[in-house]
Amino acid sequence: MGKHLKYFIVSFFLIVFQIEVVSLLSLKDITPDILTIWIVYIALQRGQIAATIWGFCIGLIFDFGAGNFIGLSALSKTIVGFAAGYFYGENKALLFLGSYRFVLIVLIVSFIHNAVYFAVYTFGSDITALAAVFQIGLATAFYTAAITLLPMFYFSRKLSLYHG
Amino acid sequence: MQRLINIILLFKEYFILAGFVIVSFILLYSNNNPQIHAIRSYTIGVIGFVQNAFAIVPNVFELKRDNEVLRKLAVNLSDEVNRLREARLENLRLRSMVGFKEHTSFKVTPADIVGKNMHLMRNTITLNIGEDDGVRTDMPIISEAGLVGKIIAASGRYSVGLVLFNKDFRVGAKIQRTRVDGIIAWDGGANLRLKNIPKTQDVKEGDIAVTSEYSRIFPPEVKIGVVVKITEQPGNLFKDIEVVPNVDFSSLEQVFVITTPPDSEKTALEESVMKIK
């Protein structure tokens, strides 16, 4: 229960942070998706089911906070949680989080997230889904992966302390 | 029965995924449902409150640039105000001569942007005014530079607006110089598009696009942007026109919501005609 309450509080503040602060880090309108990093962290710590459920909840709160397309982030972040859950290994969380595998997982699932997101978002509009996925989606995935280096270095240090 | 339970337990991850995917699609299809509106309004209130707390931290990198832009704008606007004063007097004189009615002025409520969601083309802004200040869904948002967007959801003290760079945003527009009508929309590119302008119509680069008087939501003659590129594709009846918006969304911090409701008599008449059709 305590763990879930912690996840809820952290998720809520990360959602506000994503809307309010992360926009300041935008490069040519590309912003990193810290919520995807957080869901991958949950997946590596708690497994596929927990990450799928938290992915849905985080996406849904983000949808309601953003005010439009209710269900879009819920869908794409559910899939992020599910996909990231495949990399879960018992007692291997810190090993994954403190290595470049964390960055690679974020890159892969972020791309999947953006592909699902734009497939639905651009449906019935003048925007081409493929162009959106490969221009904005790919750039966002790489930017998100680059930001993942920060927590990765933190966990890497934690891992070396743990072994040392 | 036990076998079914065993199958569900064996593939529980997939059942959970399928369940959430179905719920997400149901939510996507019920975006206009009143219950969804109520939850959205409550969430905007909670998130808006936290965003407002964050908003007291100034963006120091933008302050200097904003200052310069505002100084230039103040000089240009004072010059324009003088010219407009003279034009208004002339206009009033001429209108009274031909017996035209004066345009109705609208009430504007100032608002601070306390949140910008420009992530993955979502492109919405959160304002620190809401239903308590008279803000309602579909009310236009403007700034001193021109059209910004419209309100899509509101709670008591906060509201969320859709900006021009959003795939769901459409506004009836016209070229100020030639009065040619079209529709402003966004197709995911760097600029806006002015659509439905036949190749035979007179539109040039540098022309100003303003809101048209046919819109039920937006008042007429609000500046939208400037035509920067016109291309004509063979086999297409319409021009492909790119418009750069007048509003700089990256540095936008304060806006105004037009809180005067649209002319209810006109709206009712138009709706009744639509029903007959």
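The model is predicted: local features require pLDDT of at least 70 and side-chain atom pairs count only at pLDDT 80 or more, whereas totals for chains, interfaces and linings use all residues. Residues are numbered from 1 along each chain as its sequence is written, and chains are lettered from A and ligands numbered from 1 in the order in which they are written. Helix 2 of chain A is mostly covered, with 11 of its 13 residues buried (20 or more other C-beta atoms within 10 Å of the residue's own; exposed means 12 or fewer, partly exposed in between, with C-beta atoms placed from the backbone).

**Helix 2 of chain A**

- Helices and strands are DSSP runs numbered from the N terminus (helices H or I, at least four residues; strands E, at least two).
- The 13 residues of helix 2 of chain A should span 18 Å at 1.5 Å a residue, and its end C-alpha atoms are 18 Å apart, which agrees; the expected span is 1.5 Å times one less than the number of residues.
- Among the buried residues of this helix are A:Leu35, A:Trp38, A:Tyr41 and A:Leu44.
- The cover over the buried residues of helix 2 of chain A includes helix 1, helix 3 (48–66), helix 4 (72–85), helix 5 (93–97), helix 6 (100–121) and helix 7 of chain A.
- A:Gly47 follows helix 2 of chain A and has a positive phi, near 100°.

**Packing of helix 2 against helix 7**

- Helix 2 (residues 34–46) and helix 7 (residues 129–163) of chain A pack at about 55°, with axes 9 Å apart; axes are lines fitted to C-alpha atoms over the stretch in contact, and angles run from 0 to 180 degrees between N-to-C directions.
- The two helices of chain A are therefore oblique to each other (under 35 degrees is roughly parallel, over 145 roughly antiparallel, 65 to 115 roughly perpendicular, and the rest oblique).
- A:Ile34, A:Thr36 and A:Ile37 in helix 2 meet A:Thr144, A:Ile147, A:Thr148 and A:Pro151 in helix 7 of chain A, where contact means C-beta atoms, placed from the backbone, within 7 Å.

**A:Val10 in helix 1**

- A:Val10 lies in helix 1 (residues 2–20) of chain A and counts as partly exposed, with 15 C-beta neighbours inside 10 Å.
- A:Val10 and A:Trp38 are 28 residues apart in sequence, and their C-alpha atoms are 9.1 Å apart in space.

**Chain B**

- Chain B contains five helices and 12 strands.
- Its C-alpha atoms fill a box of roughly 90 × 50 × 40 Å along the principal axes.
- Of the 277 residues of chain B, 30% count as buried.

Notes
Two residues are in contact if their C-beta atoms, placed from the backbone, lie within 7 Å.
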